[in-house]
Amino acid sequence: MPYKTTQEIVPKTGLDNPLLPAELEARIHHLENTANQGAGFSKTDWLYLWGLGVVVPALLLIWGWV
Amino acid sequence: MTNVIENAALNKVPSADRSAWPLMPSERNWSQRQLFVVLLVSAAATWCYIIGEYVGYYLNLKPGFASMTAGSLVGMFLVTVAVVPMATRFGIDSVATTKAQFGSRGWMFAGALQYISIIGWNSLLLIFFGKSVAQLLITLGLLPEGGAGFVVPLMAALACAVVYGTLLKGATGVERISNTLFFFIVGVSVWMVVMLLTKESGAIAAATPEYASDKLWDYTTGMEIGIVSLLSWWPYIGAMVRVVPNASKATLPSMLGMGLPVPLISVVGLAAFLAVGTSDPSTWLVSLGGPLFGSIALLFVIAANLGTAVIGVYASAVGLRHLPVMNSLPWKWVLSLSIMPVAAVGIAIPDAFFNNFGTFLAFIGVMFAPLCGIQIADYFFLRRQSISIRALYDPGSEAPYYFWRGFNPAAFLAMAIGFGVYVYLLDPVAYTSRAPYQYLTASLPTCLVGGLSYVLFTLLVNKPLGLGGYENGYEK
């Protein structure tokens with residue numbers, strides 16, 4: 001648990017936060033495991049992003065200007 | 001035991017896509033293709049023609065297409081980098097991603113921005129829908145000229161009912177209508193471009209843009225229109241990309257499915273405006289090809305607007321779910337709250353809204369540039385991609401994203417500064433500018449200054465005071 005919350009006051013079952021509905025608590029508990037989280041951008045994704053979001057626009061701007 | 005209770009809790013509500021709660025990996029099962037289709041249908045709407053028309057005031061076809069497309073891709077790049085990593089990591093929507101920056105209560109600002117923006121755009125789309133149906137009936141001889149008065153509100157109400165019925169199934173409804181509309185929208189769009197370019201190429205080449213003055217200023221404005229138009233996708237994108245399992249599955253659909261169709265369809269509006277002085281396909285296709293082509297174009301407008309409205313209402317309904325009072329309401333009630341303002345506008349004041357709301361939306365739209373800057377700066381530079389899913393949903397005063405009574409002044413200050421920078425550089429209504437707008441656009445400096453202001457305030461105030469959870473370094 002990275003910070004103090006009600007989970008540290010009550011037993012850390014992952015389902016005992018009185019501020020959160022049980023289903024939401026269960027989902028959070030599940031997603032706190034990094035294996036259950038979606039991966040971020042890969043190197044290939046960054047390549048696509050910079051290519052389509054920066055390089056292609058730059059080329060288009062040059063093409064359209066001349 | 002915990003696992004048993006967890007599984008029971010997770011199985012209890014089968015429709016997680018109708019809530020604002022994070023989606024489990026098993027619920028994030030859309031493929032790249034599915035997301036691409038939904039994003040494309042979402043992007044293809046009547047506003048594309050208006051975007052093209054705005055560019056046509058300043059630029060001819062080639063520079064207009066180049067600058068508008070470049071701006072669109074840059075705008076989509078900013079929205080994608082700001083929202084997609086957080087949304088796909090935890091299966092959350094755009095509004096939820098702002099809690100780490102705006103605070104456990106301050107997110108309501110982003111929620112309100114989303115709600116107002118989507119309601120505004122949806123109202124416009126459904127009024128267009130009503131007008132298009134009326135025009136179709138006139139074209140087919142089923143309605144006399146000038147008899148559209150009662151048809152527009154009636155059709156707007158009917159469209160709201162169709163949207164409501166479709167969305168009772170949550171994201172599944174979104175996907176179904178998208179699959180139905182996809183080929184029709186793509187096919188008719190291509191056909192319209194080919195027809196316009198083959199029949200009106202001479203007029204397009206000879207056209208002189210009405211407000212053309214300085215070459216650099218006009219070119220920059222073409223790019224600015226592209227950027228700010230695509231930044232308006234911020235409210236929509238989170239609710240869509242959260243259904244794919246990871247960021248990789250969303251990258252190309254986002255850039256190519258949402259970023260590219262807007263300029264490609266906008267070029268129809270640009271070319272039409274240059275050739276015949278109006279971007280409205282229902283007008284120029286009738287004059288070019290007769291009632292048959294006009295009818296086909298009107299069907300396209302009707303279908304495209306309906307698809308976008310479905311996705312917009314879904315995104316705003318998911319955003320509303322973040323309010324505690326909305327969380328326990330049945331989905332149909334939350335849907336009603338998303339669609340009723342749209343229906344009210346479409347039925348009661350379609351003409352007044354149609355003529356005046358553009359100004360308000362122009363100001364709403366410029367808010368997304370600093371918002372993207374803040375989110376990118378926070379997630380990638382300050383938090384180093386380290387976000388706590390628990391903190392995003394923890395409303396307690398001890399929670400890291402509680403900041404100052406649930407609000408993070410850094411985000412609000414950065415938004416205000418960013419907004420000021422934009423309005424200084426470019427009046428979004430009158431399109432009058434100050435230097436160095438002609439070299440930088442207005443959205444890009446706004447995004448940068450918004451992000452930098454946020455970083456500065458965080459490093460000087462929040463971090464030394466231990467606010468915002470920056471010292472913890474959550475697990476990635």
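**Close-up views of a predicted two-chain model**

**Figure 1. Chain B holds 23 helices and zero strands.** Helices (H or I, at least four residues) and strands (E, at least two) are DSSP runs, numbered from the N terminus. The model is predicted: local features need pLDDT of at least 70, side-chain atom pairs count only at pLDDT 80 or more, and totals for chains, interfaces and linings use all residues. Residues are numbered from 1 along each chain as its sequence is written, while chains are lettered from A and ligands numbered from 1 in the order in which they are written. Of the 476 residues in chain B, 59% are buried. A buried residue has 20 or more other C-beta atoms within 10 Å of its own, an exposed one 12 or fewer, and a partly exposed one a count in between; C-beta atoms are placed from the backbone. Take the contacts in chain B between residues at least 6 apart in sequence: 83% of them join residues at least 24 apart. A contact requires two C-beta atoms, placed from the backbone, within 7 Å.

**Figure 2. Confidence in the model and in chain B.** The model scores ipTM 0.85 and pTM 0.87. Chain B has an average pLDDT of 84, and 89% of its residues score at least 70. Residues 1-14 of chain B fall below 50, and this stretch has 17 contacts in the model beyond near neighbours in sequence. pLDDT is the predictor's confidence in each residue, from 0 to 100. Where pLDDT is low, the predicted coordinates should not be read in detail.

**Figure 3. Chain A follows the pattern α-α-α along its sequence.** Its secondary structure comes to three helices and zero strands. Chain A has 66 residues, of which 36% count as buried. The average pLDDT of chain A is 79, with 71% of the residues at 70 or above. Within chain A, confidence is lowest in helix α1 (residues 6-9), at a mean of 38. It is highest in helix α3 (residues 43-65) of chain A, at 97. Over residues 1-16 of chain A, pLDDT stays under 50. For that stretch the model has 34 contacts beyond four places in sequence.

**Figure 4. Helices α2(B) and α15(B) cross at roughly 110 degrees.** The pair consists of α2 (residues 32-43) and α15 (residues 291-320) of chain B, whose axes come within 7 Å. Axes are lines fitted to C-alpha atoms, for helices over the stretch in contact, and angles run from 0 to 180 degrees between N-to-C directions. The two helices are therefore roughly perpendicular to each other. That term covers 65 to 115 degrees; angles under 35 count as roughly parallel, over 145 as roughly antiparallel, and the rest as oblique. From α2(B), Val38(B), Val41(B) and Ser42(B) meet Gly307(B), Thr308(B) and Ile311(B) of α15(B). By class, this contact has three nonpolar, three polar and no charged residues. Here Ala, Val, Leu, Ile, Met, Phe, Trp, Tyr, Cys and Pro count as nonpolar, Asp, Glu, Lys and Arg as charged, and the others, Gly among them, as polar.

**Figure 5. Helix α7(B) spans 47 Å from its first C-alpha to its last.** This helix (residues 107-139) has 33 residues, and its span is close to the 48 Å expected at 1.5 Å a residue. The expected span is 1.5 Å times one less than the number of residues. Because 28 of its 33 residues are buried, α7(B) is largely enclosed by the rest of the structure. Lys131(B) lies in this helix. Lys131(B) counts as buried, with 25 C-beta neighbours inside 10 Å. Its C-alpha is 48 Å from that of Ser386(B), 255 residues away along the chain. Just after α7(B), Gly141(B) takes a positive phi of about 80 degrees.

**Figure 6. The loop between α19 and α20 of chain B contains Gln385(B) and Ser388(B).** Gln385(B) is not a glycine, yet has a positive phi of about 65 degrees. With 14 C-beta neighbours inside 10 Å, Gln385(B) is partly exposed. Ser388(B) has 24 such neighbours and counts as buried. Ser388(B) lies 8.7 Å from Ala100(B), C-alpha to C-alpha, across 288 residues of sequence.

**Figure 7. Backbone features at Phe403(B) and Pro436(B).** Phe403(B) sits in the loop between α20 and α21 of chain B. Its phi is positive, about 50 degrees, although it is not a glycine. Phe403(B) is buried, with 24 other C-beta atoms within 10 Å. Pro436(B) belongs to the loop between α21 (409-425) and α22 (437-440) of chain B. A cis peptide bond, with omega about 5 degrees, joins Ala435(B) and Pro436(B).
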